[in-house]
Structure formats: C-alpha cells, structure tokens
Amino acid sequence: MKKKLRTAICAVTLTMSLTACSMGEMLGYSSNWVDSDLIGSVPADEEFSVKDDFAAAVNQAWKNEMGDTFRGTFQDVDDAVTANKKRIVTDESIEGETAECLRTYYALASNWDDRNADKVEPLRPYIEDIESISSMDEMYDFIANPVRNPLFLGPITTNSNYVMHTEVYKDNYTLFFTMPDLTLGGIQGNDTYFNLDSKDGLEAYIKGCDKSKYILEQLGYSEEEAEKEFEGCVAWEKKLASHDELATVEKMDDITYPRDEVIEMAGKFPMEKILEGWGLNDAPYIAIDPSYAESLNSLCKKSNLDDIKSFMIVNYCLKSSAYLDRDIYDQMVELQKSKVEEEKDYGKTDEDLENNLMFNKYIGGTSMVGAMNQVYVENCFDESTIDELNTITQDLLDGFEDIFSEEEWLSDEGKKACIEKLKAIKIHIAVQDFDTVDYGTLDLKSHEEGGNFLEAYFAAQRFEMDHIGWLSAQDYDRDYWDPLNQQLSTTITNAMYSAQTNGIYIFAGILEAPVYSKDMTYEEKLGGLFAVVGHEITHGFDKNGSQYDKEGFNNPILSEDDQKAFNDKDKLVGGYYTLQTPFSGAGMILGQIVSAEATADMGGIRATLHLAEKESDFDYDLYFRTYATIWRINVDIDSEKDSIASDEHPLAFYRVNIGLQQFDEFYETYGITEGDGMYLAPKSRIKVW
C-alpha cells in the first residue's frame, strides 16, 4: 500500500540525524546509527558504510525501492503464504475430502452476498432456544447438548490448546478446564468487573453494551430489553470474575485430578452430564481449580437463572457476530474502537484486512486450521527439503552442545543439565499428524444446499470438541503434533520452540524466500532460516525456558548459582538496550522487556557461526548480508513507537547491528576497528552464549 508521509514524519525522518547518543557513550556503548526501520531514513543520496551502520548500508537500496510503502521481509513471506492459501481454497482440481471441506467452508465465509441475504436469521433459533429455558435442569440440558449449544458456553470451557500434560500423570493427557472468556475481560483482566467506574472499566462496559444491544435489536429486542439482557449478563459474569485467582497452566500439577474426583468435587453441578454430552467422558484426568469446581453449584442456582440466560444470550450474540452479515461485522469493528484514543494506521489495505479475516480468524482461529494445514502441506510444501531441514537443525543442536560445554559462566552441573535437555529436543518439520483428523466427517452444506456460514462455524466448533474428546483419551505422546492446535499451526510464518514439549517446530509457512528456499546457498540458509531456528532453540535455555526440564515439566534445570549467573548476563543485555535511543522522541527502550529475544537473536547467530567454522571458504559477507536482509522493515514513526512501547522483540535494525557487533567474525569480515560505528570494545560485548 502506498501512503503519503505525514508532515510530522517528513520533518522527523528526513531532516533529523536520528542518532543514538546517550549516557552509553561514557560506558563504552556508543552508536550513531540511523533508525533504518523508518520510512525515509536511508535516502539514496547519502552514503552508508557496512563498517559504521550495517543495517542501513545493506538495506539502503531496498528501502529506497519501497519508498513510503509499509513493508518487511516477513510480510513478503506472509504474503506468499497467503497467496498459496487463496489458491488452495478455490482450486477445484485439488482432490480429497479435506480440500473439498475447506473449499465449502471458505465459499460460505467469503460470499458476503449470501451472508447479507441471511442477515441475523441464522442466529435466531439459538437465541429463541435459550429464551425458552425455564429451569436449571433445562439449562443444564442445553449446556450439555452440542447441537443446541455449539459454542459450548457455560461456567466451564476448554479447547484444543488446553489438552496438556502433567508430571503427576505422565502417561496421559490432561484436559484443562477454566472459566469462559468474559464480556468485559481483556487486557485489564477480570478486575474490570470491580472497577466499572474507572476509565477502562467504563469504556469496556459501554463497548460491550453497545455491541450486544446492536445485535439484539436486529433480533427484535427493544432497547430497554437489550440493555436488561446485558445488565443480567454482567451481573452473572461478575460472580464468575470473583474467582479470578484461578490456577494457571504452570500450576497444573497441583490442580489435576482423576475424572471421578472432579465430578465429586463439583457436587450437585452435573459435571458428568456435561462431560458426557461434550464427548469428554473418556478423559481420565482433568485440571481445574478446586475452589472454582466446588463453587459451580452455588453459581448455577435457580436465583441466578435469569442472569445465566442473559449471559448465554449476550455471549451467543457477541461470539456469533463475526459470522453473520457484513453490516453486523462492520458495526462490531466500529463499536470496538476506543472512544478516547485515535485508531492507529498500520498501512493495511482493504485486501490485507479481508485476508486476515478469512485466513487468520475464520480458518486459523477455528478447527478449520487443521484442514488448511493439511491441504497447504500437501500442495505448497516441498517434502524433498525435509532431509536438509532436519539435518541442519540437528547440526545446530549438536553445535549448541559444543557451545554449552565451552560456556565459562555455567557450572559443570549446569553444562550437563543443558546438554541433557538439548539432546532430548524433538525436531518437527512442517508436516503434522494429519492422519488423526478426518474432515470427511465434517458435513458442511453449501448455501445452495441450505447451509449458511454461522452453521458452518458451529459445525467446526463441534468438530473441535470431538477431536478434544479423542485426544484427551489417548496415551501421551511428546512427538504428537496436533493439526488443530492453533498456537502450533504449520501455516504460521514462523518457527517456534515449545517448552511444554521440548520441541523445535519449523512451520511450512516460513519456508519461503528470502528466508528459505532449497536453491539458496548454505550461507544464505544459515543467515536466514537457521539463524531463526537457532534463536528459537536458545529459548529453551533462557530465563523462561530453563524453568522446564527435558520432558517439558515445570522443573528448573539450573541451580540457583547458574540461574543467577544467567540473570547477571541477561541484565547486561537489558542494560545495553536501555541505553539506546533510536531517534529523538522515541521514548525509553525497556531493556529487560526485550532482553530475552535479544539474547535469543545472539544465540541464533552464535549457533550458525559455529556451523560456519566447520566450512572451508565460507562466505561470511553473504551470511551477514542475508541476516540483515531478513530483518529489513519499512514503517512509520508511530509504528516504531508502538514497537518500542509494547513489543518484546528489539527493533529490527538493532537486531541486526547490536546482534552482529558481538561477534569476532563480523569484525574480521569487514575490517572493523575502533572508531568505526559498528565497533564495540570486547569488554563491552554482551552476548550470553
């Protein structure tokens, strides 16, 4: 998308030097780099040297080619993945039940004419069903029936990401139950219910009320009736929110019980009936906060019935709103906007927004993610690359063994613990366990056959719960890669380390140039994809990852002394970043927020350079330039300020310049010496590994 630069941006980016000079100069931390992430910051008529500002010098030509377009390497990769997705959801030559199911679902989602013709009517029978409930027994019947309650709404909830593993019952999966998402919850959490007179509380209440009123009025409710339903919903949700101190995933070992104990714990609340109705009766173990389980009967009582009905009605309206007609969808987006803060413009075109809606929400945010993953891998992933991807990843893991062995700040016991965990890491390349899901059982009707998109979404919700029921009854398998796990979707443009499985995942969605292609040189592959993979592996041994052992259990692997030594190194990383000033008015970088990701960046560079050492005639210049290329980005000042304020990753040009200036090979390649802008005295270098 082409955007005209705002006057303020021009004034800042084109006339300022954008230097980073600070107290850091007195401590040996000096830099005079431009913030080369910014639009207009690297003009073609200025000379940038790789010795002084590597990120700016390498990416200068690309930056000027981009002009005022919001762009970045990973956006290019993501766009290529999106193009593949758009092709496979419409290509009728792709055979198979999964592909056919995916096409039918996408056709229902993307045909706004049909959705507009249906308006709010697909939702009406569900609302009328809830309205007809006249007793708690009838409410329990409704909650336990997936045909009537396809959103599985009630005082407890679960999903595919909540099928987990505990040390208490190592051989089985554990099904984690928690309270449902609440209407006024969000960034502020459920405390909002007890601070409705605060600015955030009031805004959340107004947004929720306005959105639910809009849909209810489309269904024929008067304004007064709609407001009453919302008030009843909030009243019951406040009772749920009083139990906000629910145990977290990290405490699962302490809150996991055999199924029968949970049923007994819930007392007169019909836990068994709901488990059976949802197809979860064979789940041997359930994690739930015991005080919450014991309170379910008092929460779900006759005196609360009207409020519970309001909760169900309002939440069916809000959770269904994105799957109805365009007017409702657009109105929900509009009503969600802040009344006190200006909406930020991230340079997204209408096509970008529509693609995000279709592929990230409608498909990626539902059980249809598994269908997309399977069809994508079968049609857009080159399986001939698996051997190379696996081999180089294993080489990285072997290299980390050398790195840990040589690390001076680690004790012998710490080295042994890290290497033991390292050797247990499982490698997962692109292909998930697709044989465990059968989309042929998901019977979707096209619009011509009498179907509609809301019903297709509801069918996908039932399909997910069927899968949860199957998976929760299986013996635990750390190798298993669930196609329905949205957090580990293989079409994401990323790689990832999971502490809970001690596994490294390389998703099909990142395997696009310029990050990776099989035709790249070895240097380009190391500087691109495998620097990212090395980054992710490093997370297994940082201040968070080291809290989990080789089996993925929450058992710290380092002694207190080793952990203190790591924390001291981590503070140096954070301190260095805190001293940086990317441009005047940028605000302070909170180094401790970005230190984990910055350390992982350096770990990825260290691991790939370790592999480079083993190669004769390795082209270090190509390697370093490739690394700078994958982090290139073109954004405006507002976006950069947002990143500084909220992103746990360092700014992109710092990932390049600060990351590379830690390593001798970088200095040797370009002849960098004291006085050059990229020079950092050896005593001031901050890499952890």
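Thr-393 touches Ile-427, Ile-504, Ile-506, Phe-530 and Val-533, with residues up to four places away in sequence left out of the count; contact means heavy atoms within 4.5 Å. Thr-393 lies in helix 18, where helices (H or I, at least four residues) and strands (E, at least two) are DSSP runs numbered from the N terminus. With a relative accessible area of 0%, Thr-393 is buried; buried means under 20% relative accessible area, exposed over 50% and partly exposed in between (1.4 Å probe, protein chains only). The model is predicted, so that local features need pLDDT of at least 70 and side-chain atom pairs count only at pLDDT 80 or more, whereas totals for chains, interfaces and linings use all residues. Residues are numbered from 1 along each chain as its sequence is written, and side-chain values use heavy atoms, with hydrogens and water left out.

The packing of helix 6 (residues 124-131) and helix 14 (residues 305-320) was examined next. Their axes come within 9 Å and cross at roughly 175°; axes are lines fitted to C-alpha atoms, for helices over the stretch in contact, and angles run from 0 to 180 degrees between N-to-C directions. Helix 6 and helix 14 are therefore roughly antiparallel to each other. Angles under 35 degrees count as roughly parallel, over 145 as roughly antiparallel, 65 to 115 as roughly perpendicular and the rest as oblique. On the side of helix 6, the contact is made by Tyr-126, Ile-127, Ile-130 and Glu-131, which meet Lys-309, Met-312, Ile-313, Tyr-316 and Cys-317 in helix 14. Seven residues of this contact are nonpolar, none is polar and two are charged. In this classification Ala, Val, Leu, Ile, Met, Phe, Trp, Tyr, Cys and Pro count as nonpolar, Asp, Glu, Lys and Arg as charged, and the others, Gly among them, as polar.

Helix 14 also takes part in covering helix 13 (residues 290-299). The buried residues of helix 13 are Tyr-292, Ala-293, Ser-295, Leu-296 and Leu-299. Their cover includes helix 9 (223-241), helix 11 (259-265), helix 12 (271-277) and helix 14.

An open sheet is formed by four strands in the order 2-3-5-4, with mixed pairing; two strands pair if DSSP finds at least two bridges between them. Strand 2 (163-164) and strand 4 (256-258) are the edge strands, each pairing on one side only. Strand 2 pairs with strand 3 (residues 174-176) in the antiparallel sense over two bridges, and Met-164 has Thr-174 in strand 3 as its bridge partner. Strand 7 (residues 495-498) and strand 8 (residues 503-506) likewise run antiparallel and are joined by four bridges. Ser-498 has Gly-503 in strand 8 as its bridge partner. The two strands form a hairpin with four residues between them, and Asn-502 in the turn has a positive phi of about 50°.

The count of salt bridges comes to 26, a salt bridge being a side-chain nitrogen of Lys or Arg within 4 Å of a carboxyl oxygen of Asp or Glu. One of them joins the side chains of Asp-129 and Arg-148 (2.8 Å, N to O). This pair links distant parts of the chain, 19 residues apart, with Asp-129 in helix 6 and Arg-148 in the loop between helix 7 (136-143) and strand 2. Asp-129 counts as buried at 18% relative accessibility, whereas Arg-148, at 25%, counts as partly exposed.

A salt bridge also forms between Lys-423 and Glu-401, whose closest N and O atoms are 3.2 Å apart. Lys-423 in helix 19 (residues 412-424) and Glu-401 in helix 18 (residues 386-406) are 22 residues apart, and the pair links distant parts of the chain. Lys-423 counts as exposed at 58% relative accessibility, while Glu-401 is partly exposed, with a relative accessible area of 24%.

The side chains of Arg-685 and Asp-664 meet in a salt bridge of 2.9 Å, N to O. Here Arg-685 lies in the segment after helix 28 (664-670) and Asp-664 in helix 28, 21 residues apart. Arg-685, at 18% relative accessibility, counts as buried, and Asp-664, at 44%, as partly exposed.
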